[in-house]
Amino acid sequence: MSKVLHELTVELGERSYPIIIGHGLLGSYDLSSFVTGSQVMIVTNETVAPLYLKRALACFPGKAIDTVVLPDGEKYKDWQTLNKIFDGLLENRHTRKTTLVALGGGVVGDMTGFASACYQRGVPFIQIPTTLLSQVDSSVGGKTGINHPLGKNMVGAFHQPEAVLIDTDSLTTLPAREVSAGLAEVIKYGLIRDIGFLGWLETEMDRLVAVEASALAEAIYRSCVCKADVVARDEREGGLRAILNLGHTFGHAIETYAGYGNWLHGEAVGTGMIMAADLSAREGMISREQCDRAAALIRRAGLPELPPEGMAPGDFMELMAVDKKNVDGKLRLVLLDGIGHAVVTSDATADNLAATLAGFCRSG
């Protein structure tokens with residue numbers, strides 16, 4: 001039996017859109033009102049397609065639907081795989097009135113969104129995220145893109161969806177590792193903006209790890225509320241939105257070093273947040289007790305505490321130098337100025353940054 005549990009709106013004026021959260025929605029919720037033309041192209045991957053594609057088709061009654069099934073994995077988030085989407089659109093003669101649909105996790109969502117931003121100079125798209133990480137983070141806010149061998153998400157565009165449909169039932173098929181990866185982004189919201197939510201997570205973490213439906217639905221809703229508010233205030237990351245990248249500068253360096261897909265995005269962000277908390281403590285911005293509180297919650301989510309073995313401080317510095325937040329050659333980091341509050345700064349001292357990197361790197 002399907003049920004909508006929560007609805008909220010990302011407030012962006014004429015480009016505002018709803019986020020619909022519930023269970024049993026795939027196959028029963030009618031999304032055709034968000035499709036202006038008659039054509040729909042559903043983009044998914046070879047893992048998700050057997051599980052959910054048939055149900056997704058039923059969300060668009062009366063529409064002419066084509067599909068593109070991509071290989072699964074972060075390593076395929078590149079130009080070559082992106083072209084498979086364009087091939088499908090052109091071979092099936094999709095016009096600028098078509099609507100793309102992203103059915104899958106963050107990789108599918110980012111690539112479909114980027115394709116929709118580019119195809120015939122921009123067509124609408126809808127997000128149907130099927131992983132916890134994509135439900136609480138990447139499906140909301142309009143960031144789209146692909147990876148470059150020298151840096152993660154360095155090629156892309158801002159392109160907002162028409163709607164986001166979140167069916168929590170899709171989480172029942174997620175491996176435990178993927179659940180933990182999603183919880184990294186959930187914890188992030190508590191650390192950067194909502195200390196009450198952080199306390200709730202400390203109470204409910206065991207239920208979340210166990211994939212209890214009611215706890216996950218609440219965590220998804222509260223995460224989306226936080227992200228929707230930040231995006232509404234700063235759509236294109238001119239200032240406030242950058243706080244959503246807590247742990248990401250360290251994390252993206254880990255992902256690039258390890259090879260895309262070997263570490264899940266959320267795993268790298270989890271480690272990155274512990275490193276950011278450590279640097280925040282060294283900078284005197286939070287107490288060591290607060291740093292330990294953040295690290296303890298991240299560990300309880302089943303996330304790694306240390307970077308890949310062999311990754312040296314020099315590897316971090318080289319890879320962080322191409323981070324998108326950097327300005328005029330200065331490394332800008334998101335740090336904690338108290339639990340529940342984050343800031344973007346380029347003022348962290350070189351000595352403290354070096355001490356953090358030396359403390360976490362296992363290569364010496």
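1. Arginine 293 is partly exposed, because its relative accessibility is 31% (the scale here: buried is under 20% relative accessible area, exposed is over 50%, and partly exposed is in between, with a 1.4 Å probe and protein chains only). Its salt-bridge partner is glutamate 202, and the closest N and O atoms of the two are 2.7 Å apart. A salt bridge here means a side-chain nitrogen of Lys or Arg within 4 Å of a carboxyl oxygen of Asp or Glu. Since glutamate 202 sits in helix α6 (residues 195–209) and arginine 293 in helix α10 (residues 288–300), the pair ties together parts that are 91 residues apart in sequence. Glutamate 202 is partly exposed too, at 25% relative accessible area.

2. Some ground rules before going on. This is a predicted model, in which local features need pLDDT of at least 70 and side-chain atom pairs count only at pLDDT 80 or more, while totals for chains, interfaces and linings use all residues. Residues are numbered from 1 along each chain as its sequence is written, and side-chain values use heavy atoms, with hydrogens and water left out. Helices (H or I, at least four residues) and strands (E, at least two) are DSSP runs, numbered from the N terminus.

3. Arginine 288 is partly exposed at 38% relative accessible area, whereas aspartate 278 is buried at 7%.

4. Next, a pair inside one helix. Arginine 233 and aspartate 229 form a salt bridge with an N to O distance of 3.0 Å. Both lie in helix α7 (residues 213–233), and because they are 4 residues apart, about one helical turn separates them. Arginine 233 is exposed, with 60% relative accessible area, while aspartate 229 is partly exposed at 28%.

5. For the overall tally, a search of the whole structure gives 18 salt bridges.

6. Away from those pairs, have a look at serine 32, in the loop between β2 (17–23) and β3 (39–45). Is serine 32 buried or exposed? Serine 32 counts as buried, because its relative accessibility is 16%. Setting aside neighbours within four places in sequence, serine 32 is in contact with Cys59, Phe60, Pro61 and Lys63, where contact means heavy atoms within 4.5 Å.
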